[in-house]
There are 2 protein chains.
Amino acid sequence: MQHCYIYMKKLLKNKKIRETSFRLEVLKVLSENENPISMDYLEQSLPKFDRITLYRTIKTFLDKGLIHEVLIAGESKKIALCSVECNEENHIHHLEHVHFFCENCKETFCLEIEKVPTIIIPNHSINSFEIQAKGICQNCK
Amino acid sequence: MQHCYIYMKKLLKNKKIRETSFRLEVLKVLSENENPISMDYLEQSLPKFDRITLYRTIKTFLDKGLIHEVLIAGESKKIALCSVECNEENHIHHLEHVHFFCENCKETFCLEIEKVPTIIIPNHSINSFEIQAKGICQNCK
DNA sequence: ATGTAAATGTAACAATGTTGCATTTAATAA
DNA sequence: TTATTAAATGCAACATTGTTACATTTACAT
Ligand SMILES: [Mn+2]
Ligand SMILES: [Mn+2]
Ligand SMILES: [Zn+2]
Ligand SMILES: [Zn+2]
């Protein structure tokens, strides 16, 4: 994950989000954390911030598909950067995005795994689905 | 789903939750709704209630495994009764519990489907996992 | 450089969740 | 049945989280 401003500015531009200094600060914190972070952690990581502007920033980032929510039962809501799309140098395919919560270190991870077999629910048409797994992470084993 | 008080009282007893009139009222609303409901809906469905007691009731129900949370990205938190365990008369096996959000009628469903193939994440040990699907439900097709 | 729509900061407010404590109640023992 | 006791409740006061309105500032296209 790159943290430089040029990269972050490009991220905003790609998603048609106006570049402001505050949005770059928020994006910097998100970029520095590989794993999903809570609003609480985000606020503590920002040097100075206006609470209302932060809410609006998060809403904008969510609406424009720059970040996504990570909801694990019993855990506080977290957010994480969406993974970058394929480009000329780097193609990611046949991978399924899952959320993993480690019951030992309490950390939440966004993981890309080999595509799991299609889920079928009789008489329902599925447009998308999410998987949240709990267990013991790589580092804690 | 049975709604009678004898059944609800048994539910509480089985989970070692003290029987009180307020808890029976909450349980009644949950029993009357097959699908997960929001706190907001629950509050509006209770004849009279104390907000603080309601929070504590929900916490107790969650802790004792009588209800479970249903978290869908972008939707408000919902709760639903846990399905009844197997007993002498009725055995349920090889079914996986999934949450389905209908993008048309905006309803959330708890569904039991044929067991999906095991999900494997390299170097992680999975104790449990949840699936949240979005699409069009049975009724809306 | 200028115009304009978007973003920000301030304030006031609304909704949601928590804690302490005195009173009431349910479950248990006598 | 009654007495005992730990749990649940209701109230108040508080803390956290999220929203709205509006005047000011800023980004960005012309
Ligand atoms: Mn993720
Ligand atoms: Mn469910
Ligand atoms: Zn871990
Ligand atoms: Zn539907």
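For the residue classes used in these legends, Ala, Val, Leu, Ile, Met, Phe, Trp, Tyr, Cys and Pro count as nonpolar, Asp, Glu, Lys and Arg count as charged, and the others, Gly among them, count as polar. All views show a predicted model.

**View 1. Residue classes and nearest residues around DNA strand D.** By these classes, the residues of the surface near DNA strand D divide into 4 nonpolar, 2 polar and 8 charged. Of the 14 residues around DNA strand D, those that come nearest are Glu19(A), Arg51(A) and Tyr55(A) from chain A, together with Thr20(B) and Arg56(B) from chain B. Among the atoms of DNA strand D that come within 4 Å of the protein, sugar and phosphate account for 58%.

**View 2. Polar contacts to DNA strand D.** The side chain of Tyr55(A) has an N or O atom that is 2.7 Å from a phosphate oxygen of DNA strand D. From chain B, a polar side-chain atom of Arg23(B) lies 3.2 Å from a phosphate oxygen of DNA strand D, whereas Arg56(B) places a polar side-chain atom 2.9 Å from a base nitrogen of DNA strand D. The elements that give two or more residues to the surface near DNA strand D are α4 of chain A and, from chain B, α2 (21-32) and α4. The largest share of this surface comes from α4(A), with 4 residues.

**View 3. Surroundings of DNA strand C.** Of the 14 residues around DNA strand C, Thr20(A) and Arg56(A) of chain A and Glu19(B), Arg51(B) and Tyr55(B) of chain B come nearest. Of the atoms of DNA strand C within 4 Å of the protein, 58% belong to sugar or phosphate, while the rest belong to bases. The surface near DNA strand C has, by class, 8 charged, 4 nonpolar and 2 polar residues.

**View 4. Polar contacts to DNA strand C.** An N or O atom in the side chain of Thr20(A) is 2.8 Å from a phosphate oxygen of DNA strand C, and a polar side-chain atom of Arg23(A) lies 3.2 Å from a phosphate oxygen of DNA strand C. Arg56(A) is placed against a base instead, with a polar side-chain atom 2.8 Å from a base nitrogen of DNA strand C. Two or more residues of the surface near DNA strand C are given by each of α2 (21-32) and α4 (51-63) of chain A, and also by α4 (51-63) of chain B. Of the elements, α4(B) gives the most to this surface, with 4 residues.

**View 5. The manganese ion (ligand 1) in chain A.** The manganese ion (ligand 1) is coordinated, at 2.0 to 2.2 Å, by the NE2 atoms of His68(A), His97(A) and His99(A) and by the SG atom of Cys110(A). In sequence, these donor residues are spaced H-x28-H-x1-H-x10-C. His68(A) lies in strand β2 (residues 67-70) of chain A and His97(A) lies in strand β4 (residues 95-102) of chain A, so the pair ties together parts that are 29 residues apart in sequence. His68(A) is buried, with a relative accessible area of 16%, whereas His97(A), with a relative accessible area of 27%, is partly exposed.

**View 6. The salt bridge between Lys9(A) and Glu19(A).** Over all chains, the structure holds 12 salt bridges. In one of them, the side chains of Lys9(A) and Glu19(A) meet at 3.6 Å, N to O. This pair links distant parts of the chain, with Lys9(A) in helix α1 (residues 5-14) of chain A and Glu19(A) in the loop between α1 and α2 of chain A, 10 residues apart. Lys9(A) is partly exposed, with a relative accessible area of 35%, and Glu19(A), at 45% relative accessibility, also counts as partly exposed.

View 7. Side chains of opposite charge can pair when their charged atoms come close. In chain A, Glu75(A) forms a salt bridge with Lys78(A), and the closest N and O atoms are 3.7 Å apart. Glu75(A) is partly exposed, with a relative accessible area of 30%, whereas Lys78(A) counts as buried at 11% relative accessibility. In chain B, the side chains of Glu69(B) and Lys77(B) meet in a salt bridge at 3.3 Å, N to O. Here Glu69(B) counts as buried at 13% relative accessibility, and Lys77(B) counts as partly exposed at 45%.

Note on methods: Residues numbered from 1 in each chain as written. Chains lettered and ligands numbered in written order. Predicted model: local features only at pLDDT ≥ 70, side-chain atom pairs only at ≥ 80, totals over all residues. Heavy atoms only, no water. Donors = N, O, S within 2.8 Å, 3.2 Å for Na, K, Ca; no water. Buried < 20%, exposed > 50% of the residue type's maximum accessible area, 1.4 Å probe, protein only. Near = heavy atom within 4 Å. Polar contact = N/O pair within 3.5 Å; in protein donor to acceptor, adjacent residues only side chain to side chain. Salt bridge = Lys/Arg side-chain N within 4 Å of Asp/Glu carboxyl O.
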